Amino acid sequence: MRASDLLKPRPEGLYCPPGDFFIDPVRPVERALITHGHSDHARSGHSSVLATQETLDIMGLRYGENFAGTTQAAAPGETLDINGVAVTFHPAGHVLGSAQICVEHRGMRIVASGDYKRQKDATCLPFEPIRCDVFITEATFGLPVFRHPPDHEEIARVLKSAAQFPERSHLIGAYALGKAQRVMRLLRDAGYDRPIYIHGALAKLSEYYQSQGIDLGVLEPATVESGSKADFAGAIVVGPPSAFADRWARRFPDPISCFASGWMRIRQRAKQGGVELPLIISDHADWDELIITIKETGAAEIWVTHGREEALVRWCELEGIAARPLHLVGYEDEGD
Amino acid sequence: MNRFAELLDRLVLTPSRNGKLTLLRDYFRSVEDPDRGLALAAITGDLNIAAVKPAMLRALVVERMDPVLFGYSYDYVGDLAETVSLVWPQPQGHIPNHVPTLAEVVGRLQAASRSDGPKVLARLLDDASISARFAIIKLVTGGLRIGVSARLAKQALADLGKVDVAEIEELWHGLTPPYTELFAWLEGRAEKPRSAALALFRPVMLSNAVDDGDLAKLDPADYAAEWKWDGIRVQAVCEGGVRRLYSRTGDDVSGAFPDLAAAMNFEAALDGELLVGDPREATGTFSDLQQRLNRKSVSPKIQQRYPAFMRCYDALQIDGEDLRALPFAERRKRLEAFVGTLDPSRFDLSPFVAFSDWETLERLRQAPPHPIIEGVMLKRWDSPYLAGRPKGPWFKWKRDPHTIDAVLMYAQRGHGKRSSFYSDYTFGVWSGPEGSEELVPVGKAYFGFTDEELREIDKYVRDNTIERFGPVRSVRADRRNGLVLEVAFEGLNRSTRHKSGVAMRFPRISRLRWDKPAAEADRIETLQALLD
């Protein structure tokens, strides 16, 4: 069977004709398989959704219990049969519940990675490389300039800065699902035991992470009621990046704006965003992780999606691996 | 090396002066000799390393990686030093077992000959982390460009040792990297270094602005008045054959004014204003002076067309005698006699402005005889020459600023305390024929308003945003809608960089004109009329 007969891009998303399902569709469809809970991958309104239990829970928290007609939980490593196509979810190491989806039919095996990373992350299961014929990789950071440093080194920089500027507060911008909880967990692992103040947009998801046994320590709402401006001196506050440009941020004394993202590798990105302390912490694979993963899957063919496809395709050509960009629409290029 | 690299990374992105001072002070406190002294030299521009050209750097990297992938990377990042620091491929299986210190890096770079320079650089990059690679490349390509002036670094040293920055400036040119004796003194482990070097900088005396009511309390008979020339404050020092021309902050600017330096054949330290033209005939305007500023080298043609001269107003030392403790009246007499012996095409005397009462002086101040005069200086006849800005002996009484009504066009978010406020404003005036007027930006200002006004403008910006680009918002501004800002500024220069052709000096918001319709803001012609 040809790979392009097993999975092909359609306007709704990646479609499997023999199994009659979509992976991470961006429009409502009959049957959706979902890799992880970020809103550009997990949308509401599908008739049936197959995803890991955590992803289903997260979708429920975000969209309300009735986000889909019916839902089914996929256990990691367990193979399901969908219209004769073998489907297996494997951990992707991206955020809690994130999975790669392995699709196998008549001797052809394709792995759709969704988003993934290889750095250790205490808030989710680690990525498992799966041998396959075709590997569909993301390429958010698909340029040799993106090299993520170890995350604990980045967190050490925040703690050093907090000691240097005890009269100011440190505002860490981090996406509400995954990154925020990972940052909090890293702060705890580094020995930071004061309460962490959080923006309201993080409350439900952080509570969910805690309920799944991921200890984030004491989290306090960063509300004016919980403290005067002076009380936030020396505090570490975590919130969605957009909030820091907002009036919300005015409750903090002379804040130092930090942003936890792989994009912070590029100085100009940090500068343009008014970020004073960039933290290069990413939930996506960096260049080195992308190429090592491609090698580990042993795939003879690579399809490259959302991100900087051209550089990764070029690298595959130099390595003698067939590769092509897979133009899927609707995924946020910038999300990290 | 990693600590220096981390310092650079932080400084580049820290906008506030106090934040930078804290970072520098902590670095100097925690890092040992000689690394900290070399870092200091790198920041103040006193570190000598043979430069590597960008083309060489690019050649080094494409020897090691696919040029196409490098091209994609460089296109994306846009900065060569940063791109190379990020993509530099470490040799297979190469695990550096030692992070080189800044001293080792500098030592190896300084010891490299021209021919093996690139090889030495490549080996250093192999052993370094990404941040350290960036710092190394910055060191060898010249110019750190981290938004820290030599003056600010000296201020951080002063904070470290709890001494006056003037003390450090006075010592500075007698010291060499890695400044071990300076740090020893600042940390209280040694005596203040005594310098045997010649032609050192003497910290300058600065004036205070005249405030409302100041003059009423002062007796005109106690003060001399001079024109305040809008040139560059300089100090010309010659001692034992060493000639130095210093800026106000003690930077050696002799190289930019070789014509003036060549005429410094005396034994003295003089304080005055650097201007262009021939003092016997005509003094050049600020635009003429611009031709000589911010240049690394000056062509003979420019030197001839815009000759630099010094208009002297004080003498700190003449023929080995320190005059700073003498009263101004006495120093001035010595200065007058001394300037008479100098090349009259390069040195003249700042003339007094005769007056008997403040009203007379006020009239003269409002109508100065030359466009490059920006007001008058008042100096107490009995004042000694004191470093810094003592209150009382010297005053500057500037001409009232120009004002113009402009329309707010773009607003950018500030930093620190202002990080959630749109606090930096780009404003424009009308241009083009009647009926199809367009706004052209003429300047940017980020102060002059109260905190309350900042909140009001911020709300206005948020409510009237039409487009966003990162931290910048473009604000509705047309003939019928727009916020008029009264902008005060000190003068105008011609500018080829700005579409409007003018650049304002020292613009600030003087009033918010909520009452004024946007269409009634000023036109570009009003500004053009002010040029020269």
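1. The secondary structure of chain B comes to 19 helices and 20 strands; helices (H or I, at least four residues) and strands (E, at least two) are DSSP runs, numbered from the N terminus. This is a predicted model, in which local features need pLDDT of at least 70 and side-chain atom pairs count only at pLDDT 80 or more, while totals for chains, interfaces and linings use all residues. Residues are numbered from 1 along each chain as its sequence is written, and chains are lettered from A and ligands numbered from 1 in the order in which they are written.

2. Now for the overall form of chain B. Its C-alpha trace spans about 80 × 70 × 45 Å along the principal axes. A compact globule of 532 residues would have a radius of gyration near 24 Å, and the 26 Å of chain B agrees with that. The radius is taken over C-alpha atoms, and the globule rule is 2.2 Å times the number of residues to the power 0.38.

3. Of the 532 residues in chain B, 38% are buried. Buried means that 20 or more other C-beta atoms, placed from the backbone, lie within 10 Å of the residue's own.

4. Have a look at helix H6 of chain B (residues 80–87): 7 of its 8 residues are buried, so this helix is largely enclosed by the rest of the structure. Among the buried ones are B:Glu82, B:Thr83 and B:Leu86. Their cover includes helix H6 (267–272) of chain A, along with helices H4 (54–62), H5 (67–77) and H9 (130–141) of chain B.

5. The largest nonpolar core has 213 residues, and those with the most contacts inside it include A:Ile172, A:Val183 and B:Ile136. Such a core is a set of buried Ala, Val, Leu, Ile, Met, Phe, Trp, Tyr and Cys residues joined through C-beta atoms within 7 Å. A second, separate core of 33 residues includes B:Tyr425 and B:Phe449.

6. Chain A is divided into domain 1 (3–145 + 284–325) and domain 2 (151–279), with bounds from an automatic or database domain assignment. Their centres, taken over C-alpha atoms, are 29 Å apart. Domain 1 gives 17 residues to the contact and domain 2 gives 15; two residues are in contact if their C-beta atoms, placed from the backbone, lie within 7 Å.

7. Finally, the two chains meet through 32 residues of chain A and 26 residues of chain B. On the chain A side, H6 and helix H8 (309–319) each supply at least two residues.

Conventions. Buried ≥ 20, exposed ≤ 12 C-beta atoms within 10 Å, placed from the backbone.
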